[in-house]
Amino acid sequence: MALYSFNISLVSRGKGQSIVAADAYICGEKLRDNYEGKLHDRSYRDDVLHKELLLPVGAPNDFRNRQTFMDALNSAERRHDAQMARSLRLALPIELSLDAQVRIAKEFLEENFVAYGYCVDMAIHAGRQDAGKKPRSIPSLGTPQDNPHLHALIPLRKVDGHGFQRTKLESRTRDRLKQLKEWRKCWADLLNREFERQHLDVRVSHESLAAQGIHREPTIHLGAGPIALEAKNIQTDRGDHYREIISRNKERERNLSRSKNRFRFRGRSR
């Protein structure tokens with residue numbers, strides 16, 4: 001079974017987060033946050049394989065400029081603790097080519113967000129495996145391999161010909177658990193259809209590990225910040241949480257192995 005990972009969060013000023021910093025990071029660009037008066041330069045990144053602003057019909061044409069887009073979004077959100085955008089991070093199967101990954105990512109984002117009047121800034125990262133990059137304190141889950149993935153920032157306000165709308169009430173209703181489950185299933189269905197179309201003998205499931213009968217606790221995404229600190233031998237809460245999950249999963253595997261061995265032994269003794 002191919003890797004399935006679907007993570008969604010909110011970019012919020014109330015958490016000290018900058019939407020411009022987030023966008024500069026995923027797109028590998030130099031952008032100025034005119035709300036905070038800071039410049040965020042990620043133009044040195046060489047792992048951004050594809051980036052694109054997806055705009056709904058009727059959106060202002062000047063939104064195609066990423067700096068203009070970010071300025072308009074910051075101006076539309078006046079509260080100091082405003083929730084700015086949804087942030088998606090989706091694993092992309094290494095079994096698919098970059099062209100296929102881009103096509104499926106755009107289909108998913110256009111069907112679930114752009115068609116409803118939302119702008120989306122998307123970028124695909126190579127996720128290149130670097131043996132010297134991951135700290136020794138972070139145990140590997142298996143054979144090291146590249147981890148291509150999709151980032152998408154989706155402002156919570158819809159747009160029309162005048163720009164971002166004054167209200168984002170509908171965005172709040174779309175944040176419910178039912179909606180999240182529908183997005184997760186849609187992504188899995190799109191991937192599986194592509195696997196089938198290309199005659200690949202792999203599939204993904206949006207169901208939880210428990211629902212699939214897999215006795216393993218899901219790991220968490222560490223993020224660049226904790227990994228950088230761990231590389232400097234500075235333990236982080238997120239790193240500790242990750243190690244605890246790995247330890248519990250190994251203990252489950254040992255217990256399962258012991259149970260199977262006892263069953264075999266009893267079967268032979270009869």
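A residue is called buried when its relative accessible area is under 20%, exposed when that area is over 50%, and partly exposed in between, as worked out with a 1.4 Å probe on protein chains only. By that scale His-199, at 73% relative accessibility, counts as exposed. The model is predicted, and local features are reported for it only at pLDDT of at least 70 and side-chain atom pairs only at pLDDT 80 or more, whereas totals for chains, interfaces and linings use all residues. Residues are numbered from 1 along each chain as its sequence is written, and side-chain values rest on heavy atoms, with hydrogens and water left out.

The protein chain has 270 residues, of which 42% are buried. Its secondary structure comes to seven helices and nine strands, where helices (H or I, at least four residues) and strands (E, at least two) are DSSP runs numbered from the N terminus. Contact here means heavy atoms within 4.5 Å, and among the contacts in the protein chain between residues at least 6 apart in sequence, 70% join residues at least 24 apart.

Helix H1, residues 19-27, packs with helix H2, residues 66-76, at an angle of about 155 degrees, and their axes are 10 Å apart; axes are lines fitted to C-alpha atoms, for helices over the stretch in contact, and angles run from 0 to 180 degrees between N-to-C directions. That angle makes H1 roughly antiparallel to H2, since angles over 145 degrees count as roughly antiparallel, under 35 as roughly parallel, 65 to 115 as roughly perpendicular and the rest as oblique. On the H1 side the contact is made by Ile-19, Val-20, Asp-23 and Cys-27, which meet Arg-66, Met-70, Leu-73 and Asn-74 in H2. By class, this contact has five nonpolar, one polar and two charged residues, with Ala, Val, Leu, Ile, Met, Phe, Trp, Tyr, Cys and Pro taken as nonpolar, Asp, Glu, Lys and Arg as charged, and the others, Gly among them, as polar.

Asp-23, placed in helix H1, is buried, with a relative accessible area of 0%. Not counting residues up to four places away in sequence, Asp-23 touches Leu-31, Arg-66, Met-70, Asp-121 and Leu-153.

The nonpolar cores come next, each being a set of buried Ala, Val, Leu, Ile, Met, Phe, Trp, Tyr and Cys residues joined through side-chain atoms within 4.5 Å. The largest has 31 residues, and those with the most contacts inside it are Leu-88, Phe-108, Leu-109, Phe-113, Val-120 and Trp-187. Strand S5 (83-91), helix H3 (98-112), strand S6 (120-125), strand S7 (149-155) and helix H5 (177-197) each supply at least two residues of this core, and H5 gives the most, with seven residues. A second, separate core of 23 residues includes Val-11, Phe-63, Met-70 and Leu-153. Val-120, leaving aside residues up to four places away in sequence, touches Glu-52, Leu-53, Leu-54, Leu-109, Phe-113, Val-114, Ala-152, Leu-153 and Ile-154.

Helix H5 also holds Glu-194, which counts as buried at 4% relative accessibility. Beyond residues up to four places away in sequence, Glu-194 touches Leu-96, Ala-100, Arg-103 and Ile-104, and its C-alpha atom is separated by 9.7 Å from that of Gln-101, 93 residues apart along the chain. Gln-101 is also among the residues touched by Pro-148, together with Ala-91, Leu-92, Ile-94, His-125, Ala-126 and Gly-127, again not counting residues up to four places away in sequence. Pro-148 lies in the loop between S6 and S7 and is buried, with a relative accessible area of 9%. The C-alpha atoms of Pro-148 and Ala-91 are separated by 6.4 Å, although the two are 57 residues apart along the chain.

The loop between H5 and H6 contains His-199, and Ser-205 has its place in the loop between H5 and H6 as well. Ser-205 counts as buried at 18% relative accessibility, whereas His-199 counts as exposed. Most residues other than glycine have a negative phi, but phi of His-199 is near 60 degrees, a positive value. The C-alpha atoms of Ser-205 and Ala-188, 17 residues apart along the chain, are separated by 6.0 Å.
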